[in-house]
Amino acid sequence: MSTVHLPHSTYNGYTFACPNCAEAFSNHDDVITHLSVAVNCGQWVIQGAAHDANEDWNYQDEYGDDSEAVQDVYSGYEDFDPLDNDAEETIIGDLVFHHEDDIPLDDPALAFGNPSASPCLSADDPALASVDPSAGPHPGTVRQYHPNTPVVNPRGQNHLQKMDDDIYANIRNTKNIYYAFASKSEFDLAGWLSIGALSQKEVDSFLRLEHTKVNPPSFNTSKDLQARVEALPNVPRWYHQQIKVGSYKTKLPLMLYWRDGLEVVKYLFSNPVFAPCMDFQSYKEYKVIDGHSQQVYGEFMSADVAWEIQDKLPPGHSFVGIIGASDKTPLTIGTGNKEMHPVLISLANIHAGVHMKATSHAFALVAYLPIPKFLNVSKPVQSLHLNGVIEPFWGDWGVACPSYFLTPDGLHQWHKFYFDHPLNWVINIMGGEELDRRLSALQPHVGVCHWANGVSILKQCTGREHRDLEKRSPGVINSYFRPKACSIVTRPYTPYLKPFGSSITIKAVSLHAGGRCGKNGPLNHFDIPKLELAQHVIRSTHTMGAPYQWSSDITEWCHITHVKRPYRMSNHKDFHGQCCRFLDQQEKLQFFQLYTVLKSQRASLIYEMSREANMMTLHYPEATWISTVLPDERYISGSKPITSLFDKDRSHISSDDAIAILLTCRPHYPKLSIKEASQIFNIPDLCPMLGDLISCRSYLQRHGRRVSSSNCSLSFHHVHLWQNFRMQRHSIQDSRVVSPPQTIQALPPSPSMMFGSGNTVLISHESGELFSLTSSECYLVVQVKAILQPIAEDPHLNQPFLYVEYFNFSQSSVENIGDLRVVAPASVTDMFLVHRRLRLNQAPLGDIVPLDSVRQVIQLIPKFGAQILPTMDCNNSLHLAFTNSSSPPPPYYHP
């Protein structure tokens with residue numbers, strides 16, 4: 001057995017020694033100082049790691065003389081440092097680790113997006129320790145689990161536990177958990193320097209600063225820093241090999257950079273962060289709707305194909321579904337036209353709410369595909385756009401079929417389709433300028449995209465902007481079109497989710513209006529591939545689960561984190577290998593930070609949750625784990641969960657615990673007199689309204705009238721006022737999920753906003769209407785004009801209130817069912833029509849209501865008519881829609 005010198009080891013009692021030259025020191029600080037000064041000794045990490053990883057390993061012994069054999073990415077660069085623009089040599093090339101038996105890339109078990117060919121995991125597989133088939137169903141649903149229950153075997157280790165078995169585990173457990181770094185502060189510094197904020201040259205300059213030398217880290221160059229990061233516990237390793245296609249010549253050599261697909265699957269599977277967010281037993285979920293039990297499709301394990309796969313497995317076994325994503329992305333435009341083609345994989349067993357968030361790191365890069373550009377291909381072949389595929393590559397994938405594993409992509413097939421086609425039809429019919437003015441006249445809401453300059457000249461939008469536009473465009477354009485023509489642009493998906501014959505009339509009307517136009521003039525057809533693909537949505541939902549989880553939103557974002565950001569950190573020459581190494585370092589740092597946070601507090605490396613916590617939906621598992629185990633620990637790199645107003649002591653919680661409302665501690669207008677408040681917010685009848693509030697007579701008891709006089713005597717004389725408050729509610733689809741907080745504003749009038757700015761909300765009110773026969777709560781639409789709290793001793797008065805102006809639901813939206821009145825949305829737009837509630841003098845009818853009566857934020861959209869008023873803008877649109885004699889009919893609101 002060989003002896004290896006390790007940092008912070010002890011010799012002769014309590015003597016500390018240099019790991020390279022064995023010089024003795026009295027304490028570890030002297031060792032760190034020595035390593036920072038002595039260049040040769042400062043390279044101990046890479047030398048020791050290369051020696052200990054495999055002392056007898058030889059690259060040539062593994063691959064021989066075959067120039068096309070698989071090569072290790074880390075040993076393929078001997079003339080430059082891949083992340084240093086000015087480097088001429090590297091000290092990391094000798095850091096190698098033993099690679100296990102090769103697994104062919106054509107193994108059916110690695111079929112991307114093909115759960116029927118996914119690797120089966122037996123009861124002996126270590127990672128099955130995280131199986132919890134007894135997890136509770138969604139509220140209001142019943143689950144029927146597959147009778148083939150996976151057997152749990154708790155003998156295995158997750159990725160963090162395996163980190164305790166590497167060559168430096170003993171040092172971390174007894175001396176320094178941050179090894180190969182001297183302390184937590186040094187590791188934090190190393191993590192920040194490694195994320196790409198500074199180039200290699202800038203890192204070296206930073207380490208040479210006099211300020212840095214006062215408290216020097218144990219690494220004194222950027223290369224030394226990289227060497228220490230490379231010595232951290234392993235993640236799946238990168239390889240590269242050249243591909244030759246017969247006698248064809250290419251512009252550049254075809255280099256494939258890849259990782260073992262099965263190793264990456266195991267790497268994701270053994271990540272303890274995902275343990276409480278994974279399903280390993282297929283199930284069928286049912287919900288009773290209108291007295292009938294209907295199957296609910298959500299996660300992949302609730303889909304029909306998951307049930308069928310479980311049928312074919314041996315007793316006690318489970319399987320892992322693989323999500324594959326691949327798309328070419330440009331790196332430069334006009335300056336070389338460089339491109340990369342990444343391949344990403346994730347596990348379909350991970351809950352969609354987790355793997356659909358980029359901060360969860362649920363997608364791992366498995367390959368950079370070469371992009372061939374052939375030189376000697378004949379022009380006739382090029383003109384036919386032949387791709388060279390002779391036989392379907394999925395032919396031996398069992399029951400696999402592209403119509404199954406090529407799932408709908410919501411981002412492109414729905415949201416991008418709406419932007420490219422229906423919105424274009426609107427612009428062609430009503431004109432881009434008219435559409436832009438209507439969108440710019442909508443009242444702004446905090447956190448929602450406001451189209452101040454319109455959309456007619458935009459080339460692309462983000463996914464969230466697509467969704468915001470789709471919600472508002474039906475109300476914006478409805479009053480311009482006839483009902484039949486409006487259907488094709490306001491509800492573009494209804495026609496092709498039904499038989500095509502039912503939409504012939506709608507299409508004919510849209511064609512007649514001139515909506516379908518191409519570069520060469522009008523088009524008389526609807527031959528749109530994305531429109532045709534939407535016919536498969538229902539079938540795909542039954543087969544593979546809810547389509548939203550297969551949207552490419554997350555993988556498009558991965559193009560930034562896994563391709564463009566690493567490329568920016570390279571020297572832009574032979575950059576594929578440099579990108580691989582950069583991502584390798586980032587994965588090591590990410591896991592090592594989680595490891596050190598838990599180990600430093602002696603916390604378990606296994607994600608252990610209480611039964612109550614396990615019943616909650618975890619969309620931010622890493623941050624939830626840290627906050628549960630270490631509530632006082634500040635964890636920077638983990639994804640930040642949505643701020644929960646329900647946990648704030650000052651929040652106002654609704655009686656059913658569904659809504660939380662929070663005001664700032666300090667009012668924007670503290671301790672104003674009643675008269676001052678009335679003048680600032682332009683509320684002439686504020687005093688009599690407060691008098692009615694003191695009288696404790698409800699709105700219906702007063703018959704909606706003001707019973708107090710304008711000079712009535714009040715038991716208090718001052719009020720606090722706020723300009724906004726925040727509201728948060730549990731998701732309607734899943735009460736275990738907390739939606740992001742929303743801000744509701746009530747700004748006073750100003751020179752730029754003559755009428756102020758008050759957002760519209762839905763409140764619970766005795767004079768409101770029912771939305772359904774199953775609910776006893778009545779709702780009303782109001783505009784918030786002021787947020788106030790009387791400074792009074794009476795607890796009934798010393799609480800927040802809202803001054804609001806009422807809207808009535810249009811009679812055309814109300815249905816009389818027996819003795820009950822139920823409001824329903826319009827058939828074309830799925831929106832409700834409302835009118836402002838007015839007094840006899842035609843002034844808006846306002847009143848004071850409790851703050852906790854607010855139920856939901858809504859968007860009111862004026863019904864603009866054939867043409868928007870010239871004087872209408874976002875600050876006066878709601879006012880002019882009702883007060884101007886030539887104004888259009890009343891507005892819609894969108895819930």
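Y248 has a relative accessible area of 48% and is therefore partly exposed (buried is under 20%, exposed over 50%, partly exposed in between; 1.4 Å probe, protein chains only). Y248 belongs to the loop between strand 7 (238-243) and strand 8 (254-259), strands being DSSP runs of E of at least two residues and helices runs of H or I of at least four, numbered from the N terminus. The model is predicted, with local features needing pLDDT of at least 70 and side-chain atom pairs pLDDT 80 or more, while totals for chains, interfaces and linings use all residues. Residues are numbered from 1 along each chain as its sequence is written, and side-chain values use heavy atoms, without hydrogens and water.

In this model 22 aromatic pairs are counted; rings of Phe, Tyr and Trp (its six-membered ring) pair if their centres lie within 6.5 Å, and planes under 30 degrees apart are stacked, over 60 edge-to-face, the rest tilted. Two pairs are tabulated.

| Pair | Centre distance | Plane angle | Class |
|---|---|---|---|
| Y145 and Y283 | 5.8 Å | 55 degrees | tilted |
| Y248 and F374 | 5.8 Å | 70 degrees | edge-to-face |

Y145 in strand 6 (residues 141-145) and Y283 in strand 9 (residues 283-289) are 138 residues apart in sequence, so their pair ties together these parts. Y283 is buried at 1% relative accessible area, whereas Y145 is partly exposed at 25%. The charged end of R143 also sits over the Y283 ring, 4.1 Å from its centre (CZ of Arg or NZ of Lys within 6 Å of the ring centre and within 35 degrees of the ring normal).

F374, the partner of Y248, is partly exposed at 32%.
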